[in-house]
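Keep the viewer open as you read.

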Amino acid sequence: MSLASLHGAQSALTVSDASCYFDVSPSLLTRVLQGESRRVLRAVDGVSFEVERGKTFSVVGESGCGKSTLARMVVGLQAPTGGSIHFAPIVRKDGSVGPPRLQMIFQDPFASLNPRWRVCDIVAEPIRELMLINGEAAIQSRIADLLTTVGLSPADGSRYPHEFSGGQRQRISIARALATEADILVCDEPTSALDVSVQAQILNLMRRLQDEFGLTYLFISHNLSVVRHMSDAIAIMYLGRFVETGPAEQVFSAPRHPYTRLLLDTIPNVETPNRARRALSGEVPNPIAPPPGCPFHPRCALAEPRCRSERPALLGHARQVACHMVAPD
Amino acid sequence: MSDPPVPLLSVRDLHVVFDTRFGRLTALDHVSLDIAPGEILGVVGESGAGKSLTGTAIIGLLDPPGHVAGGEIRLDGQRIDNLPSDAARRLRGKRIGAIFQDPLTSLHPMLTIGDQLTETIQVHLPMGRAEARARALQLLQEVGIPAAEMRIDHYPHQFSGGMRQRVVIALALAGEPELIIADEPTTALDVSIQAQITTLLKRLCRDHGMSVMLITHDMGVIAETADRVAVMYAGRIIETGPVEAVTRTPRHPYTVGLMASIPSMRVREAELKQIDGAMPRLHAIPSGCAFNPRCTLASDRCRTERPDLEAQAHSVACWNPIVAAPS
């Protein structure tokens, strides 16, 4: 992620130094009476990255690391408290130039579809709202196309969400996202509510749609093997900051940050069960009171006094690592 | 592993049904399994396969309208599926412990973990309060809670998810059970914590000679933890055997598909192998082999005749099992 490519035409999405702080202070009365101070939760703390057009950028981390907040900031569901998010304009089929369309695919396919609407209305909503197609007949034929694209049958349009399984509902969510002719899809744990065999179906569908429509994905997940399968580039997030970024291939084959290595080392894996492990210990600290210095130092085997006081910056070009003990490339 | 003469837990032809207004639904269909003393049996399957129900039936906590309609469950040779409710309650916690998925809902939010442990210990073991508290402290240390002397007086909300699950494990150990049913014990936990919990389960099993039935959908957890594995599909066990054999050379087409649909950590494939379709609902289980509509190898026999598990160490319930390629 050199400066040269920072403004290149290739990136569909550029996030610069984005932050999201939440004020989680006790009430004014409590603060006055009990002498408590304001508290700020730094959910996302100065994160920068860019996503190449037509590629998949994944953010991996454990619960509470801020990856979902980051996704919500990108789609505009959460206002950043600092930094900027920039979308490169896109040239459409009819020659017009405009900002790209963004859609989000949520984790829980049971909560993200209106239970009282028929599937055809769910999929048609963005088309009607954005007035993309005129005429009911044309809309219906577009819906039939969309449902076929995601592997459902056009007749499914007249059914309600409860009649579908989790995997089929996630297909409906994807059809709804595609209905806007979206360019960028932000997927927040799209398969973690699904069984593995269904997960494979959805991941295959997403890869196929990416090839077919040139979609750009921002993919949020805690599942490393899913991320490995989907991503071109990845970022490992820990307590609101990126600790390592780079091309997925390199990060997985040669992880550099101790946290990335811990993740790759410890996750139960069917291919290499019971591999030799470093001593496992520690848990994710409370994000309201992160440790000083490098936030990972209490769990890190390499930690030195410097790590306890000085926060490491994310250094490097193609591969970035935020660690005092690892030399940047 | 050759089966010892008397397995600790022996389930034979367990049949669990739900009587609903749509008729009788068969949720578990002739499930048979054995767990030897000190053994970890993994039970794996997708949602709706009946894996949790198997565990629930063994601890006798089936909720109506579900009930056991046939078969028998024996613990150390003694029938436990037809016990009166008093005896069944004494059995639970004392001889069979349970660990559930969500450690927060398994703990009482208004009692300190010390109180909860002490109460459980006193219910099952003849101990005074002070003795029980000392035992509680010992259990917390055993499951790896740091600064247990202080933490014993904390409430569940003061613990992180991984630590709560350790407390739940300590609770399950309180009655010194011979068998622990662990239903998705790592699913609600963060990825870097999962291995800590499976390592703990394995150590406890080794140290106490305790048996564990580990129910999960995660093949990785099974491969790490279990000695043997039973793969369930639509209420039946369709493949069972030593964990190494089942994960490396699966023989049932469903298991093969399940293993292939897990994305690899080593290489990035262009496309994952997928099993089309979904598991049948309970009211529409196909005749013959329940997997036949999704199976690429299905023959006429598969559509009409139900295959049974073979009687050998690595056995499948399939008419056209895949022969492992010699590696």
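Which residue in strand 8 of chain B does B:L41 stand opposite? It's B:M213. Keep in mind that this is a predicted model. B:L41 also has an opposite number in strand 9 of chain B, namely B:R228.

So what is going on around that residue? B:L41 belongs to strand 3 of chain B, and the strand is covered on both faces. On one side sit B:I40, B:G42 and B:V44, on the other B:L41 and B:V43, and all of them are buried. That makes five buried residues out of five in strand 3 (residues 40-44) of chain B, so the rest of the structure largely encloses the strand. The pairing runs parallel on either count: five bridges tie strand 3 of chain B to strand 8 (residues 211-216), and four bridges tie strand 3 of chain B to strand 9 (residues 228-233).

Staying in chain B, have a look at another sheet. Here four strands make an open sheet, in the order 2-1-4-5, with antiparallel pairing. Strand 2 (23-35) and strand 5 (78-79) of chain B are at the edges with a single partner strand each, so one side of each has no neighbour in the sheet. Further in, strand 1 (residues 9-20) and strand 4 (residues 66-75) of chain B pair in the antiparallel sense, with eight bridges between them. Helix 1 (residues 51-59) of chain B lies across strand 1, strand 2 and strand 4 of chain B, and runs at about 75 degrees to strand 2.

One more stop in chain B, this time in a loop. B:P286 sits between helix 10 and helix 11 (300-304) of chain B. Is B:P286 buried or partly exposed? With 15 other C-beta atoms within 10 Å, B:P286 is partly exposed. Leaving aside residues up to four places away in sequence, B:P286 touches B:P280, B:N292 and B:P293. As for B:A234, which is 52 residues away along the chain, its C-alpha atom is separated from that of B:P286 by 9.8 Å.

Zooming out, chain B has eleven helices and eleven strands. For its 327 residues, a compact globule would have a radius of gyration near 20 Å, and chain B comes in at 21 Å, which agrees. The C-alpha trace of chain B spans about 65 × 50 × 40 Å along its principal axes, and 47% of the residues of chain B count as buried. Of the contacts in chain B with a separation of 6 or more, 64% are between residues 24 or more positions apart.

Over to chain A, which has eleven helices and twelve strands. Along the principal axes, the C-alpha trace of chain A spans about 70 × 55 × 40 Å. Buried residues account for 43% of chain A.

The helix to pick out here is helix 7 of chain A. Its 18 residues should span 26 Å at 1.5 Å a residue, and the end C-alpha atoms are 25 Å apart, which agrees. Among the buried residues of this helix are A:V196, A:I202, A:L203 and A:M206. What covers the buried residues of helix 7 includes helix 6 (166-179) and helix 8 of chain A, along with helix 10 (253-260) of chain B. Just past the end of helix 7 of chain A, A:G214 adopts a positive phi of about 65 degrees.

Methods: Residues are numbered from 1 along each chain as its sequence is written. Chains are lettered from A and ligands numbered from 1 in the order in which they are written. This is a predicted model: local features need pLDDT of at least 70, side-chain atom pairs count only at pLDDT 80 or more; totals for chains, interfaces and linings use all residues. Two strands pair if DSSP finds at least two bridges between them. Helices (H or I, at least four residues) and strands (E, at least two) are DSSP runs, numbered from the N terminus. Two residues are in contact if their C-beta atoms, placed from the backbone, lie within 7 Å. Axes are lines fitted to C-alpha atoms, for helices over the stretch in contact, and angles run from 0 to 180 degrees between N-to-C directions. The expected span of a helix is 1.5 Å times one less than its number of residues. A residue is buried if 20 or more other C-beta atoms lie within 10 Å of its own, exposed if 12 or fewer, and partly exposed in between; C-beta atoms are placed from the backbone. The radius of gyration is taken over C-alpha atoms; the globule rule is 2.2 Å times the number of residues to the power 0.38.
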